[in-house]
Amino acid sequence: MGLEMYLYVKKKGVNEIEGEIGYWRKHPDLHDYIGSLYYKKGGIAEYFNGVEYILTKEEIEEIIKLSIDRKLPKSIGGFYFGQTEDKDNDDTVKLMNEALEYMKKGYEIIYDSWW
């Protein structure tokens, strides 16, 4: 039980997910940051859970920078969400760089989570 997070790819204009780039378990700082992006864009879900969010190139680049600098806003975390570790940020940089490569090939990048 707990926060599970996924990064998927799909071709632009196609509704079906094509594949998974990566997975995090209990990286609440990243989850809350992407949730804040969702709500800033007018997201209306009561909870940011099970919501597919399409990341833009600029958002991915900002996540990479924040992760390298260890400056993602801190989450409260907790039992089900855990606490962000340095390895989580390192994994995020790797996965988000891979996501940028997929974007160059015409893919959209989807973030999803379940808790």
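# A guided tour of the predicted fold

The chain averages a pLDDT of 93, and 99% of the residues score at least 70; pLDDT is the predictor's confidence in each residue, from 0 to 100. The model is predicted, so local features need pLDDT of at least 70 and side-chain atom pairs count only at pLDDT 80 or more, while totals for chains, interfaces and linings use all residues. Residues are numbered from 1 along each chain as its sequence is written, and side-chain values use heavy atoms, with hydrogens and water left out. Colour the chain by confidence: the lowest mean, 94, falls in β2, and the highest, 98, in α2. Helices (H or I, at least four residues) and strands (E, at least two) are DSSP runs, numbered from the N terminus.

## The sheet

Begin with the strands. An open sheet is formed by 4 strands in the order β2-β1-β4-β3, with antiparallel pairing; two strands count as paired if DSSP finds at least two bridges between them. From one strand to the next, the twist averages 25 degrees. Angles run from 0 to 180 degrees between N-to-C directions, and axes are lines fitted to C-alpha atoms, for helices over the stretch in contact.

Next select β1 (residues 4-11) together with β4 (residues 107-114), which pair in the antiparallel sense over 8 bridges. Two facing positions can be picked out here: Met5 is opposite Ser113 in β4, and Tyr6 is opposite Asp112 in β4. Strand β1 is mostly covered, with 6 of its 8 residues buried; buried means under 20% relative accessible area, exposed over 50%, and partly exposed in between (1.4 Å probe, protein chains only).

Stay on this pair of strands and show the side chains of Glu4 and Arg25. Glu4 stands opposite Arg25 in β2, and their side chains meet in a salt bridge at 3.6 Å, N to O. A salt bridge is a side-chain nitrogen of Lys or Arg within 4 Å of a carboxyl oxygen of Asp or Glu. The link joins distant parts of the chain, with Arg25 in strand β2 and Glu4 in strand β1, 21 residues apart. Both residues are partly exposed: Arg25 has a relative accessible area of 35%, and Glu4 one of 23%.

Contact here means heavy atoms within 4.5 Å. The 13 residues of α1 should span 18 Å at 1.5 Å a residue, and its end C-alpha atoms are 18 Å apart, which agrees; the expected span is 1.5 Å times one less than the number of residues. Among the buried residues of α1 are Leu30, Tyr33, Ile34, Leu37 and Tyr38. The elements covering its buried residues include β1, β2, β3, α2, α3 (86-104) and β4. After α1 comes Gly42, whose phi is positive, near 95 degrees.

Move to helix α2 (residues 57-68), which lies across β3 and β4 and runs at about 80 degrees to β3. Show Lys41 and Glu59, whose side chains meet in a salt bridge at 3.0 Å, N to O. Lys41 belongs to the loop between α1 and β3 and Glu59 to helix α2, 18 residues apart. Glu59 counts as buried, at 11% relative accessibility.

Go on to Lys104 and Glu101, joined by a side-chain salt bridge at 3.1 Å, N to O. Being 3 residues apart in helix α3, Lys104 and Glu101 are separated by about one helical turn. Lys104 is exposed, with a relative accessible area of 65%, whereas Glu101 is partly exposed at 41%.

Then select Arg70, Asp86 and Asp90, which are linked in a network of salt bridges. The whole structure contains 10 salt bridges.

The last stop is Thr84, in the loop between α2 and α3. Thr84 is buried, with a relative accessible area of 15%. Leaving aside neighbours within four places in sequence, Thr84 is in contact with His27, Pro28, Asp29 and Asn89. A distance drawn between the C-alpha atoms of Thr84 and Lys74, 10 residues apart along the chain, reads 8.3 Å.
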